[in-house]
Amino acid sequence: FGVLCAARPVVHSVGARGRPAVCSVGASRQMKNANFPLDAEGRTFHLGCRKGEISNRMLSVGDASRAQLLSQFLKPFPNGDPVFNLVSSRGFSITTGVVGDSNTEVSIVTTLMGLANMDFVIRESRAVIDGPMAVVRLGTCGALQPGTLGKVLVPSEGCVLVHRNPDAFTQQSGGSANGDSPSPYLITNPVFPNAELCNGLITQLQRTLPKGPGGIKCGINCTTDSFYSSQGRIAEDFDDRNENLIQRVLGEIPNAVSFEMETFQLLHLASCSKGTIAAAACAIGLAERASNEFMTPAQLVEMEEKAGKAAMDALVSFDLSSL
């Protein structure tokens, strides 16, 4: 069963020894297999990559500018092939090269935002990578604890999903057996990072980042299904019923350190990967909810560079054979 999409074709710029230096994957590709779509080159539907283009060690970032910034730490391959770059028609990007003098390949993948995009990236990369995988996410987040603006927040103690409950907003929704109305927001049990990879990430962050106010803080991350309602942002245009959501989250999870939108799906899929994916994460506290303050753009770039290098070193140091 084929799926035909109309747009631009796949365009390659081939390096000196055959590995494409640049690959722009468009949507005018004949897809086969509606269960898991691949094109004639074996490229996935959304991420657009095929075998050999994405590494077993993956750094997941939220946006293209962060991926471009961190690509400075990648070098060409030992055989002379240049650093590989791919951009898909869906906006995902992959940059694959060698980290420093390690001769170890790492891919920087622009995951974009939200649970669904992380799902695309992890499932489609798993389909075209042979052997075990290690994935570290470096994102930005809302810092939930006072005094954590600009810190790197590490969910070493797990990650929950805070998500909107549509049934609570419908007129047909009834109460529970004891007469309570359904909660407008639900909080899952936590999922956990790979302990070895997470500990390695913390070690590298501690080596790279300053001690004290500019360092790291560990705790529980709260992934949400909305940047707005499920993170307790108040909007007059919608019935969100979230005025007390932040207080509820901190009341139920006193060691919650961050709100963001992807990590739960990464850790959840890793836990369901039949032992083939190790995952960990960290996020820069871009905005502190208690004080309503933001980092400056210059501060963010400086922290992205330091935390990004630490995350890549943690990936290089991780023993894939332990999976």
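Which backbone oxygen lies 3.2 Å from a polar atom of the side chain of S125? The backbone oxygen of I122 does. This is a predicted model. The protein has 323 residues, and 50% of them are buried. Its secondary structure comes to six helices and 18 strands.

**Confidence**
- The mean pLDDT of the protein is 90. A pLDDT of 70 or more is reached by 88% of the residues.
- Residues 1-18 have a pLDDT below 50. In the model this stretch still has 59 contacts beyond near neighbours in sequence.
- Where pLDDT is low, the predicted coordinates should not be read in detail.

**Overall contacts**
- Take the contacts in the protein with a separation of 6 or more: 73% of them join residues 24 or more positions apart.

**Helix α2 against helix α5**
- Helix α2 spans residues 115-128, and helix α5 spans residues 263-271. The two pack at an angle of about 35 degrees. Their axes are 8 Å apart.
- The crossing of α2 and α5 is right-handed.
- From α2, the contact uses L115, M118, D119, I122 and R123. From α5, it uses Q265, L266 and L269.
- By class, the residues of this contact are five nonpolar, one polar and two charged.

**S125 in helix α2**
- S125 is found in helix α2. Its relative accessibility is 0%, so S125 counts as buried.
- Leaving aside neighbours within four places in sequence, S125 is in contact with L47, I54, M58, F120 and M133.
- K51 is 74 residues from S125 along the chain. The C-alpha atoms of S125 and K51 are separated by 8.8 Å.

**E53 in the β4-β5 loop**
- Strand β4 covers 30-32 and strand β5 covers 57-61; E53 is found in the loop between them.
- Is E53 buried or exposed? E53 counts as buried because its relative accessibility is 5%, under the 20% cut-off.
- The side chains of E53 and R43 are joined by a polar contact of 2.7 Å.
- Beyond its neighbours within four places in sequence, E53 is in contact with R43, G48, F84, L86, I94, T96 and S107.

- N33 is not a glycine, yet it has a positive phi of about 75 degrees. N33 is found in the loop between β4 and β5. With 40% relative accessibility, N33 counts as partly exposed.
- L112 is not a glycine either, and its phi is positive at about 65 degrees. The place of L112 is the loop between β9 (104-110) and α2. L112 is partly exposed, with a relative accessible area of 22%.

**Points to locate in the structure**
- In the loop between β4 and β5, find N33 and E53.
- In the loop between β9 and α2, find L112.

Terms used: Residues numbered from 1 in each chain as written. Predicted model: local features only at pLDDT ≥ 70, side-chain atom pairs only at ≥ 80, totals over all residues. Heavy atoms only, no water. pLDDT = per-residue confidence, 0-100. Contact = heavy atoms within 4.5 Å. Axes fitted to C-alpha atoms, helices over the stretch in contact; angles between N-to-C directions. Helix = DSSP H or I, 4+ residues; strand = E, 2+ residues; numbered from the N terminus. Left-handed = near helix turned anticlockwise from the far one by under 90°. Nonpolar A, V, L, I, M, F, W, Y, C, P; charged D, E, K, R; others polar. Buried < 20%, exposed > 50% of the residue type's maximum accessible area, 1.4 Å probe, protein only. Polar contact = N/O pair within 3.5 Å; in protein donor to acceptor, adjacent residues only side chain to side chain.
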